[in-house]
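Q: Could you walk me through this structure while I have it open? I'd like to go through the charged contacts, the strands and the pocket.

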Amino acid sequence: QVQLVESGGGLVQTGDSLRLSCTASEPTLRSYFMGWFRQAPGKEREFVVAITQSGYGSYYADSVKGRFSISRDNAENTVYLQMNSLKAEDTATYYCAARASYPSGIPYDRIETYDSWGQGTQVTVSS
């Protein structure tokens, strides 16, 4: 497992942008398939987006397509989540997750697909 630390959350208004960061404790993040999930109060944790080890492939939940963008800087052991045009319904705790291999034949949008999780960062969007 790898230790993950999220940062960048905060309180913003509808339409604003935020960039979340997820930094790994070890320099081998480049070998991990990475994802972001979120959990709103009283709701189950849900998939947001994932990115392949190379960064060339990404997968988005329909609710964030066109507004959110995932990227990674393997040299910095960091994965980013750029969130634009934020809505009140984006309010949640956002979690970074890592899987040690590409989820071949395994759904990338399932919690159980991932081996390591961060502690989460809170994003609150006020309307």
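Q: Let's start at the surface: are Lys65 and Asp62 buried or exposed?
A: Lys65 is exposed, and so is Asp62, where buried means under 20% relative accessible area, exposed over 50%, and partly exposed in between (1.4 Å probe, protein chains only). Before going on, please keep in mind that this is a predicted model, in which local features need pLDDT of at least 70 and side-chain atom pairs count only at pLDDT 80 or more, while totals for chains, interfaces and linings use all residues. Residues are numbered from 1 along each chain as its sequence is written, and side-chain values use heavy atoms, with hydrogens and water left out.

Q: And how far apart are the closest N and O atoms of Lys65 and Asp62?
A: They are 3.2 Å apart, and the two residues form a salt bridge, meaning a side-chain nitrogen of Lys or Arg within 4 Å of a carboxyl oxygen of Asp or Glu. By this rule the count comes to 4 salt bridges.

Q: Which residues are linked in a network of salt bridges?
A: Arg38, Glu46, Arg67 and Asp90 are linked in that way. The side chains of Glu46 and Arg38 meet at 2.6 Å, N to O, and Asp90 forms a salt bridge with Arg38 in which the closest N and O atoms are 2.9 Å apart. This second pair links distant parts of the chain, since Asp90 lies in the loop between S8 and strand S9 (92–99) and Arg38 in strand S4 (residues 33–39), 52 residues apart; strands (E, at least two residues) and helices (H or I, at least four) are DSSP runs, numbered from the N terminus.

Q: How accessible are Arg38, Asp90 and Glu46?
A: Arg38 is buried, with a relative accessible area of 5%, and Asp90 also counts as buried, at 0%. Glu46, at 37% relative accessibility, counts as partly exposed.

Q: What about Ser63, where does it sit?
A: Ser63 lies in the loop between strand S6 (58–60) and strand S7 (68–73), and at 39% relative accessibility it counts as partly exposed. Ser63 and Asp90 are 27 residues apart in sequence and 9.1 Å apart in space, C-alpha to C-alpha.

Q: Switching to the strands, how does S4 pair with S5?
A: S4 and S5 run antiparallel and are joined by 5 bridges, two strands being paired if DSSP finds at least two bridges between them. They form a hairpin with 6 residues between them, and Gly42 in the turn has a positive phi of about 80°. The bridge partner of Trp36 in S5 is Val49, and Val49 also stands opposite Tyr60 in S6. Strand S5 (residues 46–51) is mostly covered, with 5 of its 6 residues buried.

Q: Why is S3 largely enclosed?
A: Strand S3 (residues 18–24) is largely enclosed by the rest of the structure because 5 of its 7 residues are buried. S3 pairs with strand S8 (residues 78–83) in the antiparallel sense over 6 bridges, and strand S1 (residues 4–7), also antiparallel to S3, is joined to it by 4 bridges.

Q: Last topic: what volume does the largest pocket have?
A: Its volume is about 180 Å³. Of the 13 residues that line this pocket, the closest to its centre are Arg38, Ala40, Lys43, Glu46 and Glu89. On a 1 Å grid over the protein atoms alone, a pocket is an open set of points where a 1.4 Å probe fits, with protein on both sides within 12 Å along at least five of seven lines, and lining residues have an atom within 4 Å of a point; grid points are joined across faces, edges and corners, and a volume is the space filled by probe spheres set on the points.
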